[in-house]
Amino acid sequence: MKKAIVMFTLIGVTMASVIAQDFNRAKLDEFFDVLETNDRVMGSVLLYYRGEPIYQKSFGYADRSKKIPLTKESKFRVGSITKTFTSVLVFKAIEEGRINLAQSIEGFFPELTNAGKITVSDLLSHRSGIYSFTSSQDYLTWNTVPKSREALYQIILKGKSEFEPGTKANYSNPNYVLLTWILEDIYQESYPSLLQKYILGPLDLNNTYIGEEFSPDQGEVLSYKFLGEWEQESITDMSIPLGAGALVSTTRDLAVFIRALFEGKLISEASLSQMTELRDDYGRGIFKFPFYDQFAYGHDGGIDGFMASLSYFPEKDLAYSLTLNGANMDPNQISIAVLSAFFGKDFDIPQFSDVSFTAEELDAFVGVYGAPGFPLNITIRRQKLALMAQATGQPEFLLEHDEGTTFVFRLANLSIEFQPENDQLTLSQSGMKFVLKKK
């Protein structure tokens, strides 16, 4: 028996080594070296194939002021990836007969608009119509202040219902805050205790927990935003996101979790089938991501400058996890590069502009731009040595210098070329161009 176990282990190592040799490790290393040299991103990445790490890298700082480097053990806030953990707990409760998908939430939250029409399934799949308080303009004025359950519930109650429950899907964080409270009510246990009992303990995920106060002594890292220079982000109080986004974890723990989920170690095959069932592109606490001819299930997360991505390719037994605590680029380009390297696809090594602007030069671009027939105004403002852009009624975003007087927002495939001598700009997106004049 002992020899058989040793042989099985060696076979597993050999297979992972073969796969590791198949993808372009050297080019991927070069990719991350370029990002780190240009100070574009900070974080950790992991490819976890058949239960083994075959590519793992950390880059940047856990604390920039103290020059503390990130390591593979560094702990990041992972935002909405927490929702997948919460969904697993809900399906455990369903399997134990404590609740069911079709059950309305009126018995838990009778004061909530449409409570009698909203089901547990609607909460899981973002079909409740409940307004997401994270979308409100004043959210960032109170998100760092602790909230009691009653205070947060009152905020949810004040949010308008955006549509009739079950008629469509629209992402809403309160759905998973409510699910957190439902779990605590039916079990009469705290959410962290339930996580430990049903997920973290059984999988030995010792570096995953619900965040509280920032704790560098436990290996937690700070997050940053780039506004011409790196600035430390504020810290959301974890009494607010709860089961919607309060988790702290590492790339390894995340990969182990999602692989265990698809191996049937956490919920039944029938429950997993219901969890991954898509409607309007939403699963129940999970999404399906295409990559060329492959596909994965997973979830992304973002909170306070932290960005994270977790996915699992069932046909390849491959888990991919990415945790960032600062990015001055589109993080999706990182995922494309890493997965392209694994699947033998070509990918580009990015080139970054080394042109810098003075505050006076950037001020020449500042203003409110519009045009007859164009439905939005574009407001450009300077923040230190960076340009920020905002379309009417939409979130503000950082513009990255491309070349000359052209700046880009790669996440939306948008570019803006300024012509300060004419007090105008040309906005390009998805093959369309618009010339806007400064008002």
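Which residue just after helix 2 takes a positive phi of about 55 degrees? Asp-39 does. The model is predicted.

**Helix 2**

- Helix 2 runs over residues 25–37. Its 13 residues should span 18 Å at 1.5 Å a residue, and the end C-alpha atoms are 18 Å apart, so expectation and model agree.
- The buried residues of helix 2 are Lys-27, Leu-28, Phe-31, Phe-32, Val-34 and Leu-35.
- These residues cover an arc of only 155 degrees around the axis, so they sit on the same side of helix 2.
- Ala-26 and Thr-37 lie on the other side of helix 2, and both are exposed.

**Strand 11 and its partners**

- Strand 11 covers residues 294–303 and is mostly covered, with seven of its 10 residues buried.
- On one side of the pairing scheme is strand 10 (residues 287–291), which pairs with strand 11 in the antiparallel sense over five bridges.
- Strand 12 (residues 306–313) also runs antiparallel to strand 11, joined by seven bridges.
- Gly-298 of strand 11 takes part in both pairings. Its bridge partner is Phe-287, and Gly-298 also stands opposite Ser-311 in strand 12.

**Hairpin turns**

- Strand 10 and strand 11 form a hairpin with two residues between the strands. Tyr-292 takes a positive phi near 55 degrees there.
- The hairpin of strand 11 and strand 12 also has two residues between its strands. In this turn, Asp-304 has a positive phi of about 55 degrees.

**Nonpolar cores**

- The largest nonpolar core has 80 residues. Phe-85, Leu-112, Ile-199 and Phe-257 have the most contacts inside it.
- Helix 6 (residues 174–187) gives the most to this core, with nine residues.
- Leaving out residues up to four places away in sequence, Phe-85 touches Tyr-191, Leu-195, Ile-199, Leu-200, Thr-208, Leu-247, Leu-254 and Phe-257.
- Another core, of 31 residues, lies apart from the largest one. Among its members are Phe-23, Phe-291, Phe-313 and Phe-352.
- In soluble globular proteins, nonpolar side chains tend to be buried together.

How values were computed:
Residues numbered from 1 in each chain as written. Predicted model: local features only at pLDDT ≥ 70, side-chain atom pairs only at ≥ 80, totals over all residues. Heavy atoms only, no water. Buried < 20%, exposed > 50% of the residue type's maximum accessible area, 1.4 Å probe, protein only. Helix = DSSP H or I, 4+ residues; strand = E, 2+ residues; numbered from the N terminus. Pairing = 2+ DSSP bridges. Core = buried A, V, L, I, M, F, W, Y, C linked by side-chain atoms within 4.5 Å. Contact = heavy atoms within 4.5 Å. Expected span 1.5 Å × (residues − 1). Arc of directions from axis to C-beta.
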